[in-house]
Amino acid sequence: GAAAATLVSLPKSKGAAVDGPPFAAGLLTVLKQFHSSHMHEYFAYCGQYVRSFVSDVSTKANKTSVSAEFQLEVTNTLVLLETMCKLGRMERRIVEGYI
């Protein structure tokens, strides 16, 4: 569907690509088997991960040396969370509250 078309894999190398929408759907399926607090805890951990990268980059003297790594890791995490919201029919503001 439309949600699946919005996720693009941003691999570190050509052989490392993961098919994003099925991964997001599988993760969402597993998390929905448990209490909703577990999904919110996962969102909180992902938000902490993103914030730690942003904090790390903002404190580095040479910001250009970490920008490629930052962009790849953070972008993949944010795209995964956005895809999970779309597939799970959740409002984006739920995840934004953790980031």
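The model is predicted, so local features are given only at pLDDT of at least 70 and side-chain atom pairs only at pLDDT 80 or more, while totals for chains, interfaces and linings use all residues. Residues are numbered from 1 along each chain as its sequence is written, and side-chain values use heavy atoms, with hydrogens and water left out.

Begin with the whole protein, coloured by pLDDT, the predictor's confidence in each residue from 0 to 100; its mean is 80, and 73% of the residues reach 70 or more. Select helix 1 (residues 2-5), where confidence is lowest at a mean of 51, and then helix 2 (residues 20-32), where it is highest at 91. Where pLDDT is low, the predicted coordinates should not be read in detail.

Next, show the secondary structure, which comes to five helices and zero strands, where helices (H or I, at least four residues) and strands (E, at least two) are DSSP runs numbered from the N terminus.

Now select Tyr42, which lies in helix 3 (residues 36-59) and is partly exposed at a relative accessible area of 23%, a class between buried (under 20%) and exposed (over 50%), with a 1.4 Å probe and protein chains only. Leaving aside residues up to four places away in sequence, Tyr42 touches Leu27, Leu31, Leu80, Leu81 and Met84, a contact being heavy atoms within 4.5 Å.

Finally, select Cys46, buried at 9% relative accessible area, and Cys85, buried at 4%. The count of disulfides, pairs of cysteine sulfur atoms within 2.5 Å, comes to zero.
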